[in-house]
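This report covers fold, core and aromatic pairs in turn. The sequence and structure come first.

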Amino acid sequence: MDPMDEVKYAEDLMVGDVIDLGSHTVGEAEMVDFSTVWDPQDSHLDAAAAADGYFGGLIASGMHTTAVYQRLAVLGAYRHWSVIGARGLRDVRFLRPVRPGDVLTGLLVIDEVELDDRGRGLVTTTGQLADAQGRAVFSLLTELYLHRRP
C-alpha cells in the first residue's frame with residue numbers, strides 16, 4: 001500500500017513537516033476563463049488593455065491564484081487527511097503577479113496541531129506558491145479541523 005493512500009488523522013501530522021504539493025501551469029485561456037466568470041477586470045481579461053496597465057500585461061486574478069493553491073493542497077495533502085472542514089484562512093498575500101505560462105509549485109508547512117476532547121484537532125498550516133524561479137507569488141495561513149483517530 002502506498003503510504004499516501006493511508007488516511008492521516010490530526011495526531012498523525014507533525015509540527016514542522018513540509019509537504020510538496022506539486023505544480024500547476026497557469027495557461028492564458030484558463031486565466032481568462034476564470035476571470036470572465038469570477039473577476040472580470042481588464043488586467044485579467046483583455047491583453048491589449050492589460051498591456052497598458054500597471055503590470056504591463058495579463059495577470060491572474062488573486063482568486064484564481066488562491067484556487068490554484070487550493071487544488072494543489074487538496075491533491076497533495078487534504079485528500080489524504082481526515083478533514084472535517086476549514087475554520088478559516090488568514091494572512092492571504094499576493095506577493096508577485098502570476099502571468100500566463102507561469103509554473104506554480106505549492107508547499108505546505110504544518111505549524112500547529114491542537115487536539116481537543118471532541119474527537120478532533122485544529123491543524124494550522126502555512127501555504128505558499130512559488131514560480132519557476134523559486135520566487136514566492138502567494139502565501140496564506142489555513143486552519144483546518146481534522147478527525148482524531150477513532
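## Fold

From the N terminus on, the protein chain runs β-α-α-α-α-β-β-β-β. That gives 4 helices and 5 strands. Helices (H or I, at least four residues) and strands (E, at least two) are DSSP runs, numbered from the N terminus.

The model is predicted: local features need pLDDT of at least 70, side-chain atom pairs count only at pLDDT 80 or more, and totals for chains, interfaces and linings use all residues. Residues are numbered from 1 along each chain as its sequence is written, and side-chain values use heavy atoms, with hydrogens and water left out.

## Extent and contacts

Along the principal axes, the C-alpha atoms fill a box of roughly 55 × 30 × 25 Å. Of the 150 residues, 38% count as buried (under 20% relative accessible area; exposed is over 50%, partly exposed in between; 1.4 Å probe, protein chains only). Contact means heavy atoms within 4.5 Å. Among contacts with a separation of 6 or more, residues 24 or more positions apart account for 72%.

## Nonpolar core

In soluble globular proteins, nonpolar side chains tend to be buried together. Here the largest nonpolar core has 27 residues. Such a core is a set of buried Ala, Val, Leu, Ile, Met, Phe, Trp, Tyr and Cys residues joined through side-chain atoms within 4.5 Å. Leu21, Tyr69, Tyr78, Trp81, Leu108 and Leu129 have the most contacts inside this core. The elements giving two or more residues to it are β1 (18-25), α4 (62-76), β3 (103-115), β4 (120-130) and β5 (136-147). The largest share, 5 residues, comes from β5.

Beyond four places in sequence, Tyr69 touches residues including Leu21, Tyr78, Leu108, Leu129 and Phe138.

## A buried threonine

Is Thr124 buried or exposed? Thr124 counts as buried, because its relative accessibility is 6%. This residue lies in strand β4. Leaving aside neighbours within four places in sequence, its contacts include Arg90, Asp111, Glu112 and Glu143.

## Aromatic pairs

Rings of Phe, Tyr and Trp (its six-membered ring) pair if their centres lie within 6.5 Å; planes under 30 degrees apart count as stacked, over 60 as edge-to-face and the rest as tilted. By this rule there are 4 aromatic pairs. Tyr54 and Phe55 have ring centres 5.0 Å apart and planes at 85°, so the pair is edge-to-face. Tyr54 is exposed at 76% relative accessibility, while Phe55 is partly exposed at 36%.

Tyr78 and Trp81 form a tilted pair, 5.5 Å centre to centre with 55° between the planes. Both Tyr78 and Trp81 are buried. Tyr69, Phe94 and Phe138 form one aromatic cluster.
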